[in-house]
Amino acid sequence: MSATTSTPDLDTRPAAAAERPVPGGPVSGQPVPGRPVLEVEGLRVTVGRGRTEAVREVSFTVRAGEAVGLVGESGSGKTLTCRAVLGLPAAGVSATADTLDLGGTDLLGLDGPGWQRLRGSRLGAVFQDPGSYLNPSLTVGRQLAEPLRAHGGLNRTEARRRAVELFDSVGLRDPEAVYDRYPHELSGGMLQRVLIAIAVGGDPDLLVADEATTALDTVVQAEVLDLLARLRTERGLGLLLVSHDLAVVAEVTDRLLVFYAGEVVEDGPTAEVVASPAHPYTEALLAVAGLGDHRRGPLPVIPGHPPAPGEAPTGCRFAPRCEYAAEACTGAPVALLPRGEGRAVRCRRADELTLGPERPATT
Amino acid sequence: ACGGTTVAPSGSADAAGSSGTLKWGWALPTSWDPVFSSAGWDVHVLSLVYAGLTKLDESGKAVPALAASWKYDADGTRLTFTLRPGLAFEDGSPLDATAVKKSLDRGRTDPKSLVAPQLTQVKQVLAPDATTVVLELSSPDYQLPNLLAGKTGLVVNPKAFEVDAAALASKPAGAGPFSLVSYVQNSKAVLKRNPQYWDAGSIKLENFEVYPLPDAATVVSGLQSGQFDVAQIPGSQVEAAKAAGLEVQEIPSLVVAVLDVNTTKAPFDNPDVVEALKFAIDREALVKTQLFGHGEVNYQPFPKGYVGHDPGSEDLFRYDPDKARALLAKAGHPDGVDLTLTTTAAQGLPEQVQAQLKQVGIRANIEVIPAAQATQIVYVQHSKALFTDQFAGRDSAAQAFQVLFGEQGLMNPGRSTPPELAAAVKQVSRTPLDSPDYPKALQAATAVAVRTMPNVFLYSVPRLLARRRSVSAIPAFTVVQRFEGVKVG
Amino acid sequence: MSGAALPVPAGRAAGWVARRAVRTPRSAGRVLASAVTVFLLSSVLTFGLGAVSDANPAAAVLGETATPADIARLDHEFGLDRPLWAQFGSWLGHAVQGDLGRSWFTTLPVTDSITAALPVDLSMAGLALLFAVLLGSAAGIAAALRPGGRLDRVVTALCTLLGTLPAFVVAIGLITLVAVQLRLLPSGGYVPLDQDPAEWLRYALLPALALSLDAAAGIARQLRTSLVGALRENYATGAVMRGLSRRRVLFGHVLRNAAGPAVTVLGMSVPMLIGGAVVTERIFNLPGIAQLSLRAAEQHDVPVIQGTLLVTVAVVLVANLAVDAGLLALNPAARRAPSPAGAR
Amino acid sequence: MTTSVAAPEDPLLDVRDLRVAFEPGTPVLDGVDLAVRAGEVLGVIGETGSGKTTLARAVVGLAPVAAGRITVDGLDRTALRGRALRDARRAGTVQYMFQDPLRSLDPDLTVLRLVGQPLAITGVPVEERRHRVLAALDLVGLDHALADRRPAQLSGGQRQRVALARAIVTRPRLLLADEPVSALDASSRNHVLRLLDELRGELGLAVVLISHDLDSLAGVADRLAVLYRGRVVESGPTDAVLRSPLHPYTALLAASAPGGGPARHAELAVLRSAATRPPAASGCAFAHRCPFADAACAPRPEFRTPAADRAAACHHAPDWRTRLAA
Amino acid sequence: MLRRPVVALSLAVLAAVALLAVLGGRLAPLDPLAQDTAQLLRGPSAEHLLGTDYLGRDVLSRLLAGTGLSVAAAVEAVGAALLLGVLPGLASVRFSAPLAWLSLRAVDALMTLPFALFAIAAVGVLGNGLHQAMLALGVLLAPLFFRVARAAALGLDRAQYVEAAELMGAGRLTVLRTHVWRKVLPTVAVTAAHALATSLLTVASLTFLGIGVQPPAPTWGGMLAGDLGFLAQQPWAPALPAALIMLTVGALNLLADALQDADPAGSADPAGGRGSERPADGPSALRKTTEREESHERHHVHA
Ligand SMILES: Nc1ncnc2c1ncn2[C@@H]1O[C@H](COP(=O)(O)OP(=O)(O)OP(=O)(O)O)[C@@H](O)[C@H]1O
Ligand SMILES: Nc1ncnc2c1ncn2[C@@H]1O[C@H](COP(=O)(O)OP(=O)(O)OP(=O)(O)O)[C@@H](O)[C@H]1O
Ligand SMILES: [Mg+2]
Ligand SMILES: [Mg+2]
């Protein structure tokens, strides 16, 4: 069965491949720290036949070695944003942007083969439910070796050797045995490691991890998060991490984007945002999450529901649920304005309010 | 078995001009053993590989075949055949009187023989010398030379049935114009010219292939595309065949369409109803629609031109719906009558007959029975009142009478024969075929039969043969189709 | 849906069953048990069909001259005076040894008739199967490449159209066009494969094509549906994310997973191709099993009816086993089995 | 059904030495003991596949019990069969909330019918049924306007609340909630947890709450039971178990939760350090992953109670913590 | 659903056919059985809008009058199949393992029998008539319904909401009524539409072989088969019944496909939830009638 795929049908780039560092080995050609690997400006995503705007005006930058987190309630547009970056909009979804740049490559107007060259080499992704992203009838090793051969121009034995090394580098024990396993023979944690190995196999500049740890239990989740952190420092990888679990994001990321109803409502260094949120929604979110606080106590909630796409109010979208909402909040759309060093917030009353993490939200 | 397609022109010194292959779309036999063949139409194919003491000429008269001559004794109970000298079976073994005797005896005495009933009057067969065969009869019967031209008289090589009689079913052993090279059931039979045949000189075809008859819808395209050289076609395809550049021959045959009537079943237990039935049918219309005009209205079992055809019975029951209605009323059915018309294929004739009967108040309900069960249901159990049938004719006229009208007659479901008819038929059997009285006796019997018997004859069905232009005309044999003189190419 | 549904390993219990599953004695035994049971049940049905018919050999063989004594003699000769179960037992017993009795009508051994007819069906069905697979998968894949695109709509329309035509209309249409109008191929008849392969092909092309169109349409539709479905699955996205080309994703990943239902459809069309081609055989004058059995049915030749049905069932069962093996080969990992707990 | 009032200290749910095996020889639950009192929330935690769902399903009679006893309110549920089982179920004293609300709610039925179903089955007349359904919806904080919607038209949190409403409409005494919040974002999660908390107060419910999420459990559970490979390895008051675990696995779990800080990280490093061996067939279930495992761990550990209300099944319970610090 | 043009068109065609089936005889301008030997196989004329057939009958009238019988025949076969297939299929879910296995093998056995061959043989035994042929066809179609119903019911039997109902103490009938029936129905309807199409075609083919015909009452299949004998005279004649068959069969198939494509799980999930979560069993998993049944059956657990 394994004898069939012999020739990669893409342009193979043996020269480039040969230069690629072996995972775990000395990191060469590492991007200059701080060099942007992903620049997004004015991203808009519409869904459905009515082209309802589900994400609007999203701008952010991921630098080499930096981890950027996207947080927000369910349905706030985190996945749509990631998929737009990955060039994988679902059926009925379309994305436009002013800038969409991956380390110098303009992603806008990239054609099929262009995306192919990026994916599996400079762009990697991991999702929730890792098992479903692997072909159930091929061994996981073969699925890792396949892009190595297609993109890296390795031959069968080289690809296998490299794949085993990669498996080893993501902390899979007995990588030789894992190579010949089928997806259903591996646990969720192992599958997520396999996906990560595949994602970093092409030595990407950017790794997108959308809810990559959500279905895992805490022990495994912690292991996977550690792995991501390690890869980031070792390879200078830019990480875009999505989760609705603020605790996870707070622990892993450098920067934080808080999404609400398709908009970024707050943007800033994670530690600062967590310590002193500037937007009432961020504050509520922090309060609700109760970061790492294992004490009995009243459980705070944010009253009401986030609006469905297209049904958000014209003014501040959070206003109907905001305990600080005032007359001014409902009129015109609110702009995302810079606030201090490297921070921005989308709130009319940002300057008037003093918000804090410990302030419990309304019950 | 017999291998390959290699054409062997060996030993055909007398086969000057024989060549080519004729592909005939007809029907393959139920068995290649004439004694066990169970279908009437098999005789055409069996006659390709077997020969009889006699054969029938184009008009149906017995003429010499293996026997160069024959003669009856004075009281008609002893028939002596004189064989041609030097006859041989296809495998080369001699065909002498002993062989003929063994073959006839097998047909008479084999417990499963299907021809035995036709030979019941033969007391014994003698072979006094190599070329003389004597049949001793229990009663005078001048029909035997005719009868022996058919399946009953086809001579089978004793060597074959003495060794393995069952093998004959797929491997004929005869002395006919052709011999079988290969046979695939339901597919085709490949024959080659038999140089040993007594009349091999008149066989101009080197090879002969027989195929099952194709569907009416595709037969013409089969001929056009060269799948067949000759094939029987239905009347509806005549125009198409001609349009496709094929030659179409209309050969008169003994086949006649007929309704079998069971006079023991109501309402036919009343003779007036039977007569009403005869008048109620518009045979002209039937010929027009069923045969597309290629055929003739007929009120009797024999076609025009055959010795048995009675000129006095032409137009006997000309379509007369009023009379039919009157007869029905007379029979006590003024408001019409209900009956069941049994058939094996409902489309066409039965539909039309049904519609015609409706005109005179006979409400016929069509019932379809499987063709194979027809024998059992209609002929053996006599359980049906009215059945659409076709009579294929017989080699001997007396035999035809027996089948149609005899007390044990297959197509006489009522199982009764009026004495005057029996007498007339007896007279036929007792009249030598070459006697000048013979036609008169036969026609008299026909006249009695059509007036006293319930069978409703409808029309004669010609044998419609379409052929490619490369094939010379097919001789018009009324009873058994023969291919003497036919050429290809 | 196939005959002996081979137990496709599924569920937690089978989670560990990997590609060696095909060869484990347990599943092999189960497959065999299934196949044998199906065969037995089919043979009961087949035999029962003859048994409930009131047909008897006397009617077929003796015809017009039958007397009650004759009928009784023949019934005895054919063993019809024994109890049904005994008849069934000896019939099946002989059948598995290759003896299907003798035709009532021609007195030829049924086995011989079938042996003569079967190659016709097998070679024709084989060719038709080839056509069906080639045409069907080409059309199905082409349509799935761009769901809703022009090609997709053309293929779908064509499949729908083919599905609405009775088989004989297709066959006669092909004859009229190819054999009569274009005079490319003969309109009917048959030359055995072992006699002259080239001639065989000339004769077989048209009927095989007529036979295959329906199956091809079925395969195309099924393949298209499952391909489109599979392309939406996460693992297809996963393959795309690995930077594989569309072609590679389709052929290397999606096709093998999506081919299952199409292969099943293929398996289901085997009975149609082998025994169900009555109309095609009739129109093209092929001396196959279906013709044999149609004729036998018309003549109430019970041994032949039973024999042809039984042999067809056997062939179909074998074909089904092949399909099942094919499915397993396509899908060695017994997909959808949830990951066994504690595998770390 | 026994109606004799149990003494308050008597547990409402009492599971003794429960053994569940889907296939003979490989038990999924192996000697589980549990007790929950009325008005108490017992949190069950453990890694994927450790048998949490199976435990809950065994209690309601959906998993094959190989050995052991499950009594609810003094009635042995394992002994019930046929009619008696159906009658016990119709009484509605025990309710089970499935792990996945979308799958356990018939997509074709409206909220009204879904929640009313247990009442319909017991033959409650339509009017009363409607009344009680709306009351239940009120109790879980769902708008009456949602009563005519179908599951697909609800948000995840709303669905979870519908499932909860269906569970409490029969006024149960015991509720088994299988990961009721794992599919929800933090706000919705807290909504549901608060509801559970309120209900046990108002209805005197005993709740078994299964979850991965330590935060959730910390919020509402009075006591915790930690499951590992089909065995309860530790149990005790929530706070105490999470702060000072007696079992290394519990410690690993607690330390793995995000947001722990540097101290936790050091602890984690030690706890994870063991090289994985294949799990032993007998003895301590955790030994193969345990950094403290040694020859002493070969026999199966007893369930010991070093302090009041606390218990752990670990041979090194008294001393591993010191080795951790070392 | 209704707004999709394919569905609307199919339904329109089927409604027209149904109307014809009911009213066809009354709409016929002439007596469909009246023969006129003076006008055999004529082309269209003012008197006979679609010409006459081989017995001079009015083709238009026959087509109209034939609708009823053709449709009734197909409905008869499918009705028999439904009866013989669906109920046992639903019931088989509760069979004991050996009985279920045996019933499946029996169904397999029926399915391995080649369709046409069996129909021919059965008609030979039962007698040659439309009803007999349809009954035979019904028997052969029944396994399809058995499989479909069983698969659907099996999937549902494992569905959590059925388990939930059992936990409430619901009896089997209640479960069947409230949960199973409605989910099985669409699948059965899809299969029935396909089966109707199949039986219309099969009737036509059998008629061509001379099986199951009942003249003079016209049927589409009968007319089509009959007309093929007169291609030389009227090459276009078979096109008329063929077109009716094609239209009806096509409409049925398209409708079935559309029903199948309407993915119930695909309906919008307004509240978001997590994108990839979808019920793994439930009706959407039952859509493929060709799907193999899982070999291992559910553990029946009643502690
Ligand atoms: N293919 C689609 N068609 C229509 N609407 C969509 C589609 N995909 C997403 N949406 C809608 O867009 C909004 C944002 O969805 P998205 O998946 O980005 O949310 P999210 O932030 O990732 O939420 P979660 O935490 O639940 O994953 C939601 O309201 C969702 O319903
Ligand atoms: N019906 C079943 N048949 C066979 N094995 C089963 C069955 N149900 C569960 N198991 C097995 O029992 C073990 C425990 O499963 P269970 O669902 O109880 O775990 P869990 O703790 O609830 O896990 P999760 O956190 O993933 O929900 C697993 O190994 C599982 O594979
Ligand atoms: Mg998301
Ligand atoms: Mg669980």
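How many salt bridges does the rule find across the interface of chain B and chain C? I looked, and the count is zero; a salt bridge here needs a side-chain nitrogen of Lys or Arg within 4 Å of a carboxyl oxygen of Asp or Glu.

**Ground rules.** I am working with a predicted model, where local features need pLDDT of at least 70, side-chain atom pairs count only at pLDDT 80 or more, and totals for chains, interfaces and linings use all residues. Residues are numbered from 1 along each chain as its sequence is written, chains are lettered from A and ligands numbered from 1 in the order in which they are written, and side-chain values use heavy atoms, with hydrogens and water left out.

**Entry 1: chain B against chain C.** I looked up the contact (heavy atoms within 4.5 Å) and found 36 residues from chain B and 37 residues from chain C. The buried area is about 3,100 Å², with 53% of it from carbon and sulfur atoms; this is accessible area (1.4 Å probe) lost on putting the two parts together, summed over both. Gln185(B), Asn186(B) and Gln227(B) supply 18% of what chain B buries against chain C, more than any other three residues.

I then asked which elements of chain B give two or more residues to this side, and they are helix H5 (219–224) and helix H11 (371–380). H11(B) gives the largest share, six residues. Helices are DSSP runs of at least four residues and strands of at least two, numbered from the N terminus.

**Entry 2: ligand 2.** I counted 15 residues around ligand 2, and Thr48(D), Gly49(D), Lys52(D), Thr53(D) and Thr54(D) come nearest; a residue is near if one of its heavy atoms lies within 4 Å. The site is shared between chains, because residues from chains C and D surround ligand 2.

Next I checked distances to oxygen atoms of the ligand. A polar side-chain atom of Lys52(D) is 2.8 Å from one, a polar side-chain atom of His212(D) is 3.4 Å from one, and an N or O atom in the side chain of Glu179(D) is 3.5 Å from one. The protein covers 77% of the 640 Å² of accessible area that ligand 2 has on its own, by the Shrake-Rupley method with a 1.4 Å probe.

Entry 3: Most residues other than glycine have a negative phi, and most peptide bonds are trans. I noted a cis peptide bond between Ala266(B) and Pro267(B), with omega about 0°. Pro267(B) sits in the loop between strand E13 (256–261) and helix H7 (271–280) of chain B. Glu57(A), not a glycine, has a positive phi of about 50°, and its place is in strand E2 (residues 52–63) of chain A.

Note on methods
Polar contact = N/O pair within 3.5 Å; in protein donor to acceptor, adjacent residues only side chain to side chain.
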